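Here's a friendly walk through one protein model. Keep the sequence and the 3D view open while you read.

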Amino acid sequence: MTAELHHRTGAYVLDALAGDARADFERHLLECPTCHVEVDALRPFAVRLATAVAPVSATAVQEQVLAEIGTRPQVSGSASALDRTQIIPTAGELERTVILPPLEELSDNDSPADIDRRGWLVRVWIGVAMAAAVVAVGLVLVDRTAGPDATVAEQVRNARDAVTHTGVVFTGDGSATAVLSRSVGKVVVTATGLPAPGSDHGYQLWLIHADGTPRSAGMMHTADTTTELTADLLRTTTALGITAEPDTGSATPTSPPVVRIEIH
């Protein structure tokens, strides 16, 4: 089962796993740094594919198909005749639409050192090919209004499925919010007005699962009075917490939380 889970990174990034399959993979993701790195590497490709073409309404697609049919000679339904009726672009035409860099332009530094490069790239391009096929027939898997050059935080905030949760601040008079998007697979946590964490300390973000187990999302970035971090969003995460930790970070929280945000 574990070997099979290693091959589900592309489907997970494209939000093609549901129910038990998605829950199984997310549990695996918590314990497999290799898959975690691969998921992070695949997400930019999914974002570029999602923003490569503008969304097309069903009415526009219908009108385009009917107009195309009107330009084609009506023939019998034999296999040879059907071969001459082409509405979807050919593979050659799709090759002229460059969405992703050629495979040879990806250097060894683009893949994790502990992953077999050839196998990893094959899985990456299988996932990309699946998404490109969907885009080719006018469907958009991930619907976002942010452009391809937007930061991940902007993509989350501008996503049509973005949801904002307000947290509880236990220390000081500050405020905290979390903006999450399931389609982007990220959450942006922002806190303002938190007290100074102390010398050689900073604020660390934690993903808290249903059983109460915290998982580090990393040290947060502070500028003036604002502390922020964009982190992966797992469906097993039910809350977010912020604690003051040494600048190098901690494996588990070593101080009481200054912020808690419920997201379920």
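## The S4 neighbourhood

Strand S4 (residues 186-192) runs antiparallel to S8, and seven bridges join the two. Strands here are DSSP runs of E with at least two residues, helices are runs of H or I with at least four, and both are numbered from the N terminus. Two strands pair if DSSP finds at least two bridges between them.

S3 and S4 make a hairpin with four residues between them, and Gly185 in the turn has a positive phi of about 80°.

How many of the seven residues of S4 are buried? Six of them are, so S4 is largely enclosed by the rest of the structure. Buried means under 20% relative accessible area, exposed means over 50%, and partly exposed is in between (1.4 Å probe, protein chains only).

## Where these values come from

This is a predicted model: local features need a pLDDT of at least 70, side-chain atom pairs count only at pLDDT 80 or more, and totals for chains, interfaces and linings use all residues.

S4 belongs to an open sheet of five strands, in the order S1-S3-S4-S8-S7, with antiparallel pairing. At the edges are strand S1 (163-166) and strand S7 (221-223); each has a single partner strand, so one side of each is left without a neighbour in the sheet. From one strand to the next, the twist averages 20°. Angles like this run from 0 to 180 degrees between N-to-C directions, with axes being lines fitted to C-alpha atoms (for helices, over the stretch in contact).

There's another open sheet of five strands, ordered S2-S10-S9-S5-S6 and also paired antiparallel. Its edge strands, strand S2 (168-169) and strand S6 (214-219), each pair on one side only. Inside this sheet, strand S9 (residues 237-246) and strand S10 (residues 259-262) are antiparallel partners over four bridges. Look for Leu240, whose bridge partner in S10 is Ile261.

## Helix H3 and its two sides

H3 has 13 residues and spans 19 Å from its first C-alpha to its last, close to the 18 Å expected at 1.5 Å a residue. That expected span is 1.5 Å times one less than the number of residues.

Which residues of H3 are buried? They are Arg22, Phe25, Glu26, His28 and Leu29. Seen down the axis of H3, the buried residues fall within an arc of 160°, so they line one face of the helix. The arc is taken from the directions from the helix axis to the C-beta atoms. On the other side of H3, Gly19, Asp20 and Glu31 are exposed.

Phe25 also takes part in the one aromatic pair that the structure holds. Its partner is Tyr12, and the pair is tilted, at 4.9 Å centre to centre with 40° between the planes. Tyr12 lies in helix H2 (residues 9-13) and Phe25 in helix H3, so the pair ties together parts that are 13 residues apart in sequence. Both Tyr12 and Phe25 are buried. For an aromatic pair, rings of Phe, Tyr and Trp (its six-membered ring) need centres within 6.5 Å; planes under 30 degrees apart count as stacked, over 60 as edge-to-face and the rest as tilted.

## Salt bridges

The count comes to five salt bridges, each being a side-chain nitrogen of Lys or Arg within 4 Å of a carboxyl oxygen of Asp or Glu. One of them joins Glu26 and Arg22, at 3.4 Å from N to O. Both lie in helix H3 (residues 19-31), four residues apart, about one turn of the helix. Glu26 and Arg22 are both buried.

Another joins Arg157 to Glu228, with the closest N and O atoms 2.9 Å apart. This pair links distant parts of the chain: Arg157 is in helix H9 (residues 152-158) and Glu228 in strand S8 (residues 226-232), 71 residues apart. Arg157 is partly exposed at 40% relative accessibility, and Glu228 is partly exposed at 25%.

Terms used:
Residues are numbered from 1 along each chain as its sequence is written. Side-chain values use heavy atoms; hydrogens and water are left out.
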